[in-house]
Amino acid sequence: MNICDAVKARTTNKPYITRQSWNYPTSVWCNAVVKILPTDTPDCCTIESVASNAPCRGWQPMAGDLLADDWIITD
């Protein structure tokens, strides 16, 4: 689905969005290697990844991310 549909499809159990193309095997088990939490707060979208110890404020999408149709929701 596109990014707009993914943001609208989120639920309390699955509040994050991610791209299927971002999922790749890692040594740490997780549902998504990189996941984004869209908010209406001054933090904008926060991003979490297995490479980071804490969520990071402000996601900087590339044009390809905004145009992609492989967005899914995740927990």
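Asp-43 is partly exposed at 36% relative accessibility; buried means under 20% relative accessible area, exposed over 50%, and partly exposed in between (1.4 Å probe, protein chains only). The model is predicted, so local features need pLDDT of at least 70 and side-chain atom pairs count only at pLDDT 80 or more, while totals for chains, interfaces and linings use all residues. Residues are numbered from 1 along each chain as its sequence is written, and side-chain values use heavy atoms, with hydrogens and water left out.

**Exercise 1.** State how many helices and strands the chain has, and in which pattern they follow along the sequence.

Solution. 
- Step 1: Take helices (H or I, at least four residues) and strands (E, at least two) as DSSP runs, numbered from the N terminus.
- Step 2: The count gives 2 helices and 5 strands.
- Step 3: Along the sequence, the pattern reads α-β-β-β-β-α-β.
- Step 4: Of the 75 residues in the chain, 27% are buried.

**Exercise 2.** Find which residue forms a salt bridge with Asp-65, and which residues are joined with Asp-65 into one network.

Solution. 
- Step 1: Apply the criterion, a side-chain nitrogen of Lys or Arg within 4 Å of a carboxyl oxygen of Asp or Glu. The structure holds 3 salt bridges.
- Step 2: Asp-65 pairs with Arg-19, and their closest N and O atoms are 2.8 Å apart. This pair links distant parts of the chain, with Asp-65 in helix α2 and Arg-19 in strand β1 (residues 16-19), 46 residues apart.
- Step 3: Arg-19 also forms a salt bridge with Asp-70, with the closest N and O atoms 2.7 Å apart. Because Arg-19 lies in strand β1 and Asp-70 in the loop between α2 and β5 (71-74), the pair ties together parts that are 51 residues apart in sequence.
- Step 4: Check the cover. Asp-65 is buried at 6% relative accessibility, Arg-19 is buried at 14%, and Asp-70 is buried at 15%.
- Step 5: The side chains of Arg-57 and Asp-43 meet in another salt bridge (3.1 Å, N to O). Arg-57 is in strand β4 (residues 56-57) and Asp-43 in the loop between β2 and β3, so parts that are 14 residues apart in sequence are tied together. Salt bridges with shared partners join Arg-19, Asp-65 and Asp-70 into one network.

**Exercise 3.** Determine how many disulfides the structure holds, and which cysteine sulfur is nearest to that of Cys-44.

Solution. 
- Step 1: A disulfide is a pair of cysteine sulfur atoms within 2.5 Å.
- Step 2: The structure holds 0 disulfides. The cysteine sulfur nearest to that of Cys-44 belongs to Cys-45, 6.9 Å away, and Cys-44 is in no disulfide. Cys-45 is likewise in no disulfide.
- Step 3: Cys-44 is partly exposed, at 44% relative accessibility.
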